[in-house]
Amino acid sequence: MDQYGIIGHPLGHSLSPVLHNWGYAQHGLEARYDAWDTPHEALPAFIARVRAEGIQGVSVTIPHKQAVMPLLDRVSTKARAVGAVNTLLWDRGLLKGTNTDVTGCLIPLQELGRTLRTGLVLGAGGAARAAVAALNELGLDWVGVSNRNRDKADKLALEFGVEAVDWQERYKNPPDVLVNSTPLGMSGSLENENPWPMRSLPSETVVFDLVYNPLKTKLLLLAEQSGCTTISGLEMFLHQGLKQFKLWTGLDLDADAAREVLLARLNQG
Ligand code: NAP
């Protein structure tokens with residue numbers, strides 16, 4: 001049986017096993033996908049286990065996306081560009097790291113089929129890097145990044161060739177596409193928070209919230225009320241996962257059916 005799984009810490013209720021195990025069943029594959037909670041200090045031993053046991057594929061999440069890079073034989077150009085690995089796979093006997101988070105951000109925006117000229121990413125952490133890379137790949141005329149800690153926005157802006165926008169001024173020039181990559185709005189203590197400080201958004205704005213729990217964050221509710229097009233963070237999760245599945249098995253999964261599976265699990269709470 002082929003073995004796959006996700007490493008991170010804390011892992012919480014990861015949706016990745018739901019998606020991948022459903023995918024194996026769809027294709028009748030003899031494979032299983034587990035969740036391996038792996039604290040920082042256990043990462044080198046875990047990578048040794050991947051090599052010793054020939055684990056076929058691994059999803060990598062916080063806090064290992066950068067730390068795993070020096071432990072691998074190869075890191076793809078895409079992962080190097082984003083500065084993070086979220087997927088491990090075997091490539092001609094070599095353990096390789098790549099990144100499917102950019103694809104996860106890119107596909108939902110491409111699927112809109114709209115011409116987008118400007119984009120603003122709120123936040124400057126790991127998810128922001130994928131979002132900025134995706135907006136750059138879309139070829140927008142202008143991309144901005146705004147973060148509570150201005151230094152981090154400046155660094156990210158310099159690295160990706162985009163513009164840093166002061167956090168206090170993030171609302172001043174609403175972009176064609178607004179991406180929230182902060183945890184503001186996430187279930188728990190931040191659920192009632194909204195990273196957009198105004199009471200409305202221009203109706204032509206596309207609003208993509210990378211948070212997916214809850215599915216309708218305060219930001220997405222405001223965007224809906226303003227008549228905007230909205231994309232939930234589940235779309236990023238779905239498409240990064242479908243890309244991983246394809247890299248590991250060479251097979252496609254039906255995105256609509258996969259989304260239903262994930263929604264059913266989220267609705268179970
Ligand atoms: P991260 O690396 O810790 O970065 C978090 C960013 O949010 C930082 O820039 C931080 O700003 C900012 N931030 C945190 N708390 C804030 C607050 N109270 N007010 C304003 N800004 C705040 O985390 P990440 O990996 O980028 O993940 C961020 C979010 O993206 C997560 O909450 C998760 O929901 C979502 N995400 C979704 C997917 C998906 O598949 N849909 C994948 C990854 C992440 P400072 O620099 O000032 O601290």
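**Starting with the sheet**

Six strands make up an open sheet with mixed pairing, and their order is β2-β1-β3-β5-β6-β4. At the edges sit β2 and β4 (74–75), each of which pairs on one side only. Two strands count as paired if DSSP finds at least two bridges between them. Helices (H or I, at least four residues) and strands (E, at least two) are DSSP runs, numbered from the N terminus. Before going on, a word on the source: this is a predicted model, where local features need pLDDT of at least 70 and side-chain atom pairs count only at pLDDT 80 or more, while totals for chains, interfaces and linings use all residues. Residues are numbered from 1 along each chain as its sequence is written, and side-chain values use heavy atoms, with hydrogens and water left out.

Now look inside the sheet. Strand β3 (residues 57–60) pairs with strand β5 (residues 87–91) in the antiparallel sense, over three bridges. Take Gly57: its bridge partner in β5 is Leu89.

There's a helix to find here too. Helix α1 (residues 16–27) lies across β1 (2–8) and β2, and runs at about 170 degrees to β2. For such angles, axes are lines fitted to C-alpha atoms (for helices over the stretch in contact), and the angles run from 0 to 180 degrees between N-to-C directions.

**Zooming out**

The protein chain has nine helices and 12 strands. Its radius of gyration is 18 Å, close to the 18 Å that the globule rule gives for 269 residues, so the chain is as compact as a globular protein of that length. That radius is taken over C-alpha atoms, and the rule is 2.2 Å times the number of residues to the power 0.38.

**Two buried residues**

Thr38 sits in the loop between β2 (31–37) and α2 (43–53). This residue counts as buried because its relative accessibility is 4%. Setting aside residues up to four places away in sequence, Thr38 touches Ile7, Gly8, His9, Leu43, Phe46 and His64, where contact means heavy atoms within 4.5 Å.

Asn180 belongs to strand β10 (residues 177–180), and with a relative accessible area of 0% it is buried. Beyond its neighbours within four places in sequence, Asn180 has contacts that include Leu122, Pro195 and Phe208.

Key. Buried means under 20% relative accessible area, exposed over 50%, partly exposed in between (1.4 Å probe, protein chains only).
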